[in-house]
Amino acid sequence: IADAQGDADAFIAQQSEKARSVPAVAIKIAQRLLAAGRIDEAWTAIEAVDEKRSGWIPIEWEQTRIEILDALGCGEDAKQFQWACFERSLNAGHLRAYLKRLPEFDDVEVEERAMRYALQFSNVHQSLLFLISWPALDMAEELVLTRSTELDGDYYQVLTPAAEALEEKHLLASTVLRRELIDFALMKGRSSRYRHAARHLQECANLAGLIQDFGSFETHEVYQSRLRSKHGRKSSFWGLVVA
């Protein structure tokens with residue numbers, strides 16, 4: 001009813017003082033005040049959230065805060081906050097919006113800086129997801145090959161699409177990702193994943209002949225031989241492997 005009447009105060013009155021510090025509620029209040037042109041009050045509402053507290057801060061809160069800063073005429077503060085949000089989360093939306101704020105040609109240098117930052121990001125899987133989706137496949141390859149020991153084959157939602165995205169031009173990196181998926185399934189005895197692991201092994205075999213240099217990584221023959229030596233008794237897996 002409050003929204004239908006355009007009554008922001010009626011909506012706010014329904015929220016307790018404690019609830020107003022919850023990000024989801026603060027967003028709703030701030031957006032209604034912003035739409036009503038009550039910018040200073042919108043700022044107070046969005047700032048009721050402690051962004052430094054432990055826990056998840058939704059991107060909608062960050063975006064609303066940026067909108068309010070812009071409405072207040074604090075474009076430089078909005079830009080700095082946008083970059084800080086990107087550094088915290090590697091959210092591509094924040095980076096794209098930040099780049100749009102920059103003068104022509106400056107965006108190229110800043111984008112390169114952002115990619116380099118992503119390479120060193122603490123969460124390797126979040127970094128890989130960002131680089132693949134941007135896309136920055138050369139950087140994704142570098143990430144995989146230099147930080148392979150940090151990869152966890154349990155993250156198939158990230159590693160599988162990344163391997164597929166890299167397989168056309170970055171064959172070794174694609175192979176390394178698939179090996180992580182295979183190793184996890186076999187080492188943990190995840191029989192529900194054996195069918196996928198067998199497929200990944202076949203895909204590694206298909207790529208092997210096209211890889212000229214495996215560098216510090218095992219060749220496919222050595223890798224598969226090690227798998228048989230270590231997991232030879234897992235017949236339910238090897239039965240799925242094409243001879």
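Contact means that heavy atoms lie within 4.5 Å of each other. The legends below describe close-up views of a predicted model.

**View A. His 170 and its surroundings.** His 170 is placed in the loop that joins α10 (156-166) to α11 (171-187). Once neighbours within four places in sequence are left aside, His 170 is in contact with Leu 137, Asp 138 and Glu 141. With Asp 138 there is a polar contact between the two side chains, at 3.1 Å. Is His 170 buried or exposed? Its relative accessibility is 8%, and because buried means under 20%, His 170 counts as buried.

View B. Most peptide bonds are trans. The bond from Trp 134 to Pro 135, however, is cis, and its omega is near -5°. Pro 135 is found in the loop between α8 (124-133) and α9 (137-146).

**View C. Leu 90, a residue with positive phi.** Most residues other than glycine have a negative phi. Leu 90 is not a glycine, yet its phi is positive, at about 55°. This residue belongs to the loop between α5 (75-89) and α6 (92-100). Leu 90 counts as buried because its relative accessibility is 5%, where the cut-off for buried is under 20%.

**View D. Phe 105, an exposed residue with positive phi****.** The loop between α6 and α7 (106-119) holds Phe 105. Phi of Phe 105 is positive, near 80°, although the residue is not a glycine. Is Phe 105 buried or exposed? At 64% relative accessibility Phe 105 is over the 50% cut-off and therefore counts as exposed.

Technical notes: Residues numbered from 1 in each chain as written. Predicted model: local features only at pLDDT ≥ 70, side-chain atom pairs only at ≥ 80, totals over all residues. Heavy atoms only, no water. Helix = DSSP H or I, 4+ residues; strand = E, 2+ residues; numbered from the N terminus. Buried < 20%, exposed > 50% of the residue type's maximum accessible area, 1.4 Å probe, protein only. Polar contact = N/O pair within 3.5 Å; in protein donor to acceptor, adjacent residues only side chain to side chain.
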